[in-house]
Amino acid sequence: MSQIHFIGAGQMTEAIIRAALKREAVQPDAITLSDIDPERVATLKARYALSNTHFEVLPDALAAADYIVIGVRPQDDIPGVAQLINQHAKPGATVVSIIAGVTLARLASLLGEDRPVARIIPNTLTDTGLGYSGVAFNAHVDSVPLMPFLESFGKVMLLEERLIDTFTGFAVAGVNYVYYFAEALADAGVLAGLTRAQSTQVVWENLVGAVSMLKLSGLHPRQLMDINNSPAGVGINGLYELNKSDFAAGLQSSVLAAVRRTTELSGQ
Ligand SMILES: NC(=O)c1ccc[n+]([C@@H]2O[C@H](COP(=O)([O-])OP(=O)(O)OC[C@H]3O[C@@H](n4cnc5c(N)ncnc54)[C@H](OP(=O)(O)O)[C@@H]3O)[C@@H](O)[C@H]2O)c1
């Protein structure tokens, strides 16, 4: 069984551990953790019954790890983390970085050109197993044994690294738009006279059902709308009002703003 060490035991690390354990991609005794805050490590060990007691000391845990996940923030001491890895980790251990905006080139400059490094942007839907993580590997990564772990906390979209920032602004931030749309549509149902519970039930089912229809039929959304809308009918009258708003352009501008912001943050 591969050993995995997590540096930085924050929100994202916890979400990944929870999903990986739930899908049995990793056993509790194969996980070790470190964080500036020892209480955070103790909390996660207790919460997820992480039972590895062989490698309590950080150098030992790093030396035993086949995979080292870096889960600190972009503004944290990344050179310090890299130094620890360089000092103690096996030369062949794969580093999995989830740090937004930190490129493979920067990681290679800190960890050495020969270190296998995977750059992952996880989504926040880890508990569902749905949603995509954006993934770019350097040339040294053996992706086959790594894949079950990556697939335990989301679907994997392999990307050219130049698209990772676009992916972050579009796909990871993109869940917001669905939540926002669900809220706005449920409000519309209430405005029209349904109870909040009735309206919410309808919205969730319509969202799931519409995505299923798109997948099942393979049709373009516009073709399905055409089937849904009779001449001068209810649907086309509703769509006419929506077309007068900046619904599509507003959404698209939002996505472009999020992508721009990701790029700005990467450059800082
Ligand atoms: N949240 C998301 O939606 C998301 C999505 C994709 C990618 N990411 C990336 O995931 C990473 C983690 O995000 P997060 O939301 O989980 O952040 P977080 O909750 O703040 O977790 C970071 C943890 O790392 C610890 N830490 C800082 N410096 C350290 C060091 N030198 N050695 C060991 N531990 C250290 C922090 O401790 P202190 O708090 O005591 O400093 C904190 O517990 C970020 O790089 C982010 O860009 C996040």
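**Figure 1. Alanine 49 in the loop between helices H2 and H3 of the predicted model.** At 51% relative accessibility, alanine 49 counts as exposed, because the cut-off for that class is over 50%. The residue belongs to the loop that runs between helix H2 (38-47) and helix H3 (58-64). Most residues other than glycine have a negative phi.

**Figure 2. Alanine 232 in the loop between helices H10 and H11.** The loop shown lies between helix H10 (221-228) and helix H11 (234-243), and alanine 232 is part of it. Although alanine 232 is not a glycine, its phi is positive, at about 55°. With a relative accessibility of 72%, alanine 232 counts as exposed.

**Figure 3. Tyrosine 67 and its surroundings.** Tyrosine 67 is a residue of strand E3. Its relative accessibility is 9%, and it therefore counts as buried, a class that is defined as under 20%. Leaving aside residues up to four places away in sequence, tyrosine 67 touches Ser2, Gln3, Ile4 and His5, together with Thr94, Pro145 and Leu146. Proline 116 is 49 residues away from tyrosine 67 along the chain, and the C-alpha atoms of the two are separated by 9.6 Å.

**Figure 4. Pairing of strands E3 and E4.** Strand E3 (residues 67-70) and strand E4 run parallel and are joined by 4 bridges. Within this pairing, isoleucine 68 stands opposite valine 95 in E4. Strand E4 comprises residues 94-97. Thr94 and Val96 point one way from E4, while Val95 and Ser97 point the other way. In a regular strand the side chains alternate between the two faces of the sheet. Thr94, Val95, Val96 and Ser97 are all buried.

**Figure 5. Packing of helices H4 and H5.** Helix H4 (residues 78-88) packs against helix H5 (residues 104-111) at an angle of about 55°, and their axes are 9 Å apart. The crossing of H4 and H5 is right-handed. On the H4 side, the contact is made by Ile78, Pro79, Ala82, Ile85 and Asn86, which meet Arg106, Leu110 and Leu111 in H5. By class, this contact has 6 nonpolar, 1 polar and 1 charged residues.

Terms used
Residues numbered from 1 in each chain as written. Predicted model: local features only at pLDDT ≥ 70, side-chain atom pairs only at ≥ 80, totals over all residues. Heavy atoms only, no water. Axes fitted to C-alpha atoms, helices over the stretch in contact; angles between N-to-C directions. Helix = DSSP H or I, 4+ residues; strand = E, 2+ residues; numbered from the N terminus. Left-handed = near helix turned anticlockwise from the far one by under 90°. Contact = heavy atoms within 4.5 Å. Nonpolar A, V, L, I, M, F, W, Y, C, P; charged D, E, K, R; others polar. Buried < 20%, exposed > 50% of the residue type's maximum accessible area, 1.4 Å probe, protein only. Pairing = 2+ DSSP bridges.
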